[in-house]
Amino acid sequence: MKVLKFGGSSVASADVIRKVKEIVGQTEAKKIAVIVSAFGGVTDLLLDTAKMASEQDLKYKEGLKKIEARHLSVIKDLLPVASQSRVLSKVKSEMNVLETLLEGASYIGEITPRLSDKIVSFGELLSAYIISEFFRESGLEAVYKDSRELLLTDDTHGKAAVNFPESNKRCKAYFNKEQSSVIVLPGFVASTADGNVTTLGRGGSDYTASIIAAAVRAEELQIWTDVSGMYTANPKIVKQAKPIAHISYEEAMELSHFGAKVLYPPTVQPVLDRGLPMVIKNTMDPKAAGTVITKKSPEEGRTVRGISYIPNISLLSLEGPGMIGIPGISKRLFEVLSLANISVVLITQASSEHSICIGIDEEDAENAIREIEKAFAYEMSLAKIKPVIHEKELAIIALVGDQMKNHQGLSGKMFSTLGKNNVNIRAIAQGASERNISAVIRKDDVKKALNTLHEAFFEENIKQLNLFILGTGNVGSKLLGQLKQQRKYLKEHLRLNIRVIGISNSRKMYFEEQGISLEKWPELLDSGKKADSTLFYETIQKINARNSILVDNTASENVAAAYPKYLKQSISVVTCNKIACSSAYGQYLELKELAREYKAPFLFETNVGAGLPIIDTLKHLMASGDEVIAIKAVLSGSLNFVFDNFNEKTSFHDIVKKAQEQGYTEPDPKIDLSGIDVMRKILILARESGYKLELTDIENRSFLPAEALITKNNDAFFKVLKKYESDFQHLLKEAFTKNCKLKFVASLDKGKASVGLEHIPEGHDFHSLSGSDNIVLFYTKRYPEQPLIIKGAGAGADVTASGIFADIIRIGNY
C-alpha cells in the first residue's frame, strides 16, 4: 500500500485535480490512500469568514457565498451533468450546516477553539468528498473515508494531540478490511472520543498522511506539492538552488525546522519511527525525480545537504555576575518561557556561565522580556543580573547534513565565507552531532548569506562577482565590452560568473539585481534615474549582493573620497583613479588597512602603466622579501606619445591636441603635461615600495611655462601652448644637438623622488621607447645592476580597461 498526500496547491483547481487523478491512476500499488487538503485558499477563506461572523460583520455571508461558489464550480467543471445532482446536493447540505455554525458565531459574537475547528474542517471534508466522486466517475475504484472515524485525539482544539494506540488500531482495521483500490481521505481533521471535530494544526494534512502511512506500514509516503522536492536552499532567494535527490529524516526535519516549507517537522515523526521511505514530488511536474527521504542519507554525495533559514528572530540575552556558578538559572529561564508558551529556536551559553542567549520568534519577544524580567526581578534589583538585552530584526541561517561531523573545517569555511562578505554573526549554535551549524545574522543579510554559502558549498566552484561600475566613458565602455566578450570564457575556464548590477555616469544611473544586459546597457542607462552618488551607495547597500566590487573608471575626487565607506561594507574597490592612492599618506594607509580589516581587496593596478603589471610585480617583490633601491621610469603614455611625435615639422600644440583626441591624455591635458600625473604615479610606486612620501615631497622640473599652469580651461591652455611654441622647439633642438631624445622621466632613489624632462642618449633603455609606451626599471637588492624591466603600452582606453579587468579577475581568484 502507498499513501499519497496532495496539498492545497495540488487541488487548487479542476485542471490540477485532473493531474492528481492521472498521478493516482499511474501509481503502482495494490491499494492507495489519497489524503487531500482543502482546495487552495479555502482554509484562509473559512478563517476570514469565521472571524467576520464572530465580529458580527454581515460581510461573512459574502464569504460563505464565495466558499459555496468555489466548490460548486469545481464540481461542474469535473463531473458530467448527469452525475452532478447527487454531489451538488450533498455539498449544499454541508454548506447549510456551515451557515448555521457561522450564524451561531455571529449571534454570540465570538468563536471558541472548538467551533473554529468545526468551521475550518469543512475545507478538507468537502475537498475529499468531491475528489473521491470525480475519481469514481473517471473509472478509478475509489471510495471516500472520513478521517475523523480513524484518528482519535485529545480535546486541544487547534492543535490536537493524537492518541496513537487507538488511531493505529482503527487505521489497521479499516484498511485491512477495505477492498477498494483507492481510498480518498480528508487531511488535517480528526475527532475526540466523544465525537467532537479537532484539527491537527499547521501541516495537518501531511501529519494525517504520515500517521496513516505509519499505522499500516505503507511501502511509501508520497507528499505531492508545487515544487520538485526539497532544495539545497530556497529557490526564490537562491536562483542556483537544486533539488536534493536523497536525504535522511533527520536532515529533512532540520531543513524543515529552518524554514523549508515543503514539510512541517512533526509530520515526519510517525514515518521516522517506522523507518518508512518518504518522497516529495511535484504535482505540476510528476516526471521530476523529487526528493527521497529515508532513515539514512547516502554516504556518497555532498557533506552539506542543504542551507536554510528562519526569518523574524529576536535574540534575548540574560547576563550578570549573579549567574556564575548558581544552579537552576537555566531551568528558571526556560520554565518561564515554557509557561508563557514561547518556543525557543536557538540556545547558546558562555562556558563562564555569565550569560545565556536565546533566539525566539520576534512576535514573542515583548512577552518573553516581560516574563523573564518578572521572574528575575529580585536578582535584577540587586544588580546581580542585568535587564534583558533585546536584539531584533535578525534571522537564523543553518547548514544541514548528516555527514558534516566526519569532515573538518566546515564551521571555519562557513564563518570565513560570511565574514568575507561583511555578514556579521551575532550568535552561533552547533550540536555535538554536527548535523546542524546555525548562526544568527541581520535579517537584511539573509539573501547575501544564503547565496554566498550556496556558492561555497554547492556550486561547482563557480564564483559570482557583482560589479557596480562608475564611469562609462572611454575606459568604462571598453571594460563593459570586454566583460561581454569574455563572459563565456570566464565561466568555462576561470569558473567566474561576473554580473554588472549597477552602472552610473555623470548623468544617469541604472540597477538590475539579476544583472544588466551588456548588449543593451547604453539604452538601459539612459532610462535610469538621475545620477546621485549618495543614492548609488545606498542602493548598493540595499541590494547587499555577495562578492560586490565597486569599479571606479572616473578621475573624480569625490568618488575617491567615498572608498572608505565601501570598504567598510566589505565591498571591494578596483580603480584607475589615482587620486586616492596619491592623497595624504594617512588616507592611503587607511584604505590599505580597511581592505585588510574588512577582507575587501583594494586594487589599483591601472594607477601606474594602465594594463602593465607594474604594481602587481612590485607587490610580489616586496612580499618575497626584496627591497627597492631605485626606480627609473617613463610613466606617462601621453607625454611619451607627445615627445615621440614632436619634431621640427610639427607644432607642440598640434601634437598635444592629437594626443587628447586619441584618448592618451586626461580630459584636461594640463594634468599630464604639468607632470602632476607622473608625480602621482611615482608617489604610488614609492609608497608601494615602503617609503612614506607625500606629493609635496616630489621634485617637479616642469617644462611648461608658468602661464600655462595657471590657465582655467582647455581653450586657454592651448592658446598658451601656441604662444610658447618657440620655447618648445628650443627644447627639441637642444636634445637633437646632443643626439638625444626627450623623455619625461620619474625617478626614485633611496626614498627621494623627482620628475622632469631628460635627455636620453642612444643605447639607453628609454631611447627606443615609442608611441604611448611606458617603461619601468626596478633596481632592487636582487636586481642591483641589471634592473627588472617592465615595458609596454601604458595609455589608451583598451589597455586601461584590460588592467581593470585583470584586477577584477584577481579578486575572483582570492
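Contact here means heavy atoms within 4.5 Å, and helices (H or I, at least four residues) and strands (E, at least two) are DSSP runs, numbered from the N terminus. This is a predicted model, in which local features need pLDDT of at least 70, side-chain atom pairs count only at pLDDT 80 or more, and totals for chains, interfaces and linings use all residues. Residues are numbered from 1 along each chain as its sequence is written, and side-chain values use heavy atoms, with hydrogens and water left out.

**Helix 15**

Helix 15 (residues 446-457) is mostly covered, since ten of its twelve residues are buried (under 20% relative accessible area, with exposed over 50% and partly exposed in between, for a 1.4 Å probe and protein chains only). Among the buried residues are Val-446, Leu-450, His-454 and Phe-457. The buried residues of helix 15 pack against strand 11 (306-319), strand 14 (389-400), helix 14 (410-420), strand 16 (436-442) and strand 17 (463-470).

**Two helix pairs**

Axes are lines fitted to C-alpha atoms, for helices over the stretch in contact, and angles run from 0 to 180 degrees between N-to-C directions.

| Pair | Axes come within | Crossing angle |
|---|---|---|
| helix 7 (residues 164-177) and helix 8 (residues 204-215) | 9 Å | roughly 70 degrees |
| helix 2 (residues 42-54) and helix 4 (residues 81-108) | 7 Å | roughly 40 degrees |

Helix 2 and helix 4 are therefore oblique to each other, given that angles under 35 degrees count as roughly parallel, over 145 as roughly antiparallel, 65 to 115 as roughly perpendicular and the rest as oblique. Their contact involves residues including Leu-46 and Ala-50 of helix 2 and Leu-98 and Leu-102 of helix 4.
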